[in-house]
Amino acid sequence: MILLLFFFAVLLAVGLFLILADFLKLPALGAAKAMLSAGRRDKKAVKTMETWLMSAALRLSRHIPMDEYKKSRMTSILKAAGIDTPPEVYIAYALVKAGIIFLGATLCLFLLPLLSPVLFFLAVLVYFKETGKADEQLREKREQIESELPRFVATIEQALKSSRDVLAMMENYKRNAESAFARELDILTADMRSSSYEAALTRFEARLNSPMLSDIVRGLIGVLRGDDSAVYFQMLAHDFKALELQRLKSQAQKIPPKIRVFSFVMLMCFLMTYLVVIALEIVKSLGQMF
């Protein structure tokens, strides 16, 4: 009897979902997956749950108020982080994902009351994690680019000895740059061809909001204005090299604790080897005695 009631509840839920989907004119699952996959930069397949969440977020985003300043700021962050999603949809996706967990916590109040506080707390964590995902991706991207800036400055320093063509410098370095920095240089060079060089460099600086990159852009704008920036980039290369050494030292300081664990494991393996050999010799000697 309980099994029949369970199947009845499942079929009723599926039927109500299909009726509501037809009434709200929701797209089919395959069509929604195709639309989401078309706008992705990576080639990973879109999951079914992600498709449902994004479909609900698209409908909820129409009712999320957002002032122009916050919308403009979030648009810049999402664009710099490589997330091709409008700000309203981004916030709505976080609300939908956290709302499902919140709904489960509400249902647990009647079934498992002790589990409800955990799910409520989890819903809050999921919301803040989803809303902070763009900032986290932008921070990781900025760190990747800043780790390459010392080599970039050294290249500009050498190029200034024979040429002052900033666009050619960007084009030549882009061929050997890492993926994140190469993508930004692609945007920069395209922007420089379609507008003024100074405005393109200023937008390039604003996208990443990096102090190190701001120093480089300031020097490149000086080159465009005819200043003798060779000494400036020599000093900048020296400072960036010192910062790079400091960064490498901080990374090296994090390695010994990790190595210490494996060293302890190797020490225990060596001790176990010696103990096994000693134990076998003792057993062998006792066998000869008796």
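Predicted model: local features only at pLDDT ≥ 70, side-chain atom pairs only at ≥ 80, totals over all residues.
Is Ala206 buried or exposed? Ala206 is exposed, at a relative accessible area of 58%.

1. **Ala206 and its place.** You can find Ala206 in helix α10, which covers residues 197-208. With a relative accessible area of 58%, Ala206 counts as exposed because the cut-off for that class is over 50%. It is worth looking at Ala206 together with Ala80: 126 residues separate the two in sequence, while their C-alpha atoms are 9.4 Å apart in space.

2. **Lys141, a buried lysine.** Ala80 turns up again as a neighbour of Lys141, a residue of helix α7. Leaving aside residues up to four places away in sequence, Lys141 touches Ala80, Ala180, Glu184 and Leu208. The relative accessibility of Lys141 is 8%, so this residue falls in the buried class, which is under 20%.

3. **Salt bridges overall.** How many salt bridges does the structure hold? There are 14. As background, side chains of opposite charge can pair when their charged atoms come close. The next points visit some examples.

4. **Glu130 with Lys133.** The side chains of this pair form a salt bridge, with 3.2 Å from N to O. The two partners sit in separate accessibility classes: Glu130 is buried at 6% relative accessible area, whereas Lys133 is partly exposed at 31%.

5. **Glu136 with Arg139.** Glu136 is partly exposed, with 35% relative accessibility. Arg139 is partly exposed too, with a relative accessible area of 34%.

6. **Glu148 with Arg151.** Here is another pair in helix α7, again with a spacing of 3 residues, about one helical turn. Arg151, at 40% relative accessibility, is partly exposed.

7. **A linked network.** Salt bridges can also be followed through a group of residues here. Glu171, Lys174, Asp186 and Arg193 are joined by them into a network.

8. **How α7 packs on α11.** Two packed helices are described by the angle between their axes and the distance between the axes. For α7 and helix α11 (residues 211-224), the angle is about 20° and the axes lie 10 Å apart. That angle makes the two helices roughly parallel, because the term applies to angles under 35 degrees. The crossing of α7 past α11 is left-handed.

9. **What the helices bring to the contact.** Which residues of α7 meet α11? They are Glu146, Leu149, Phe152, Val153 and Ile156. From α11, the partners are Pro211, Met212, Leu213, Ile216 and Leu220. By type, the residues of this contact comprise 9 nonpolar and 1 charged, with no polar ones.

How values were computed
Residues numbered from 1 in each chain as written. Heavy atoms only, no water. Salt bridge = Lys/Arg side-chain N within 4 Å of Asp/Glu carboxyl O. Buried < 20%, exposed > 50% of the residue type's maximum accessible area, 1.4 Å probe, protein only. Helix = DSSP H or I, 4+ residues; strand = E, 2+ residues; numbered from the N terminus. Axes fitted to C-alpha atoms, helices over the stretch in contact; angles between N-to-C directions. Parallel < 35°, antiparallel > 145°, perpendicular 65-115°, else oblique. Left-handed = near helix turned anticlockwise from the far one by under 90°. Contact = heavy atoms within 4.5 Å. Nonpolar A, V, L, I, M, F, W, Y, C, P; charged D, E, K, R; others polar.
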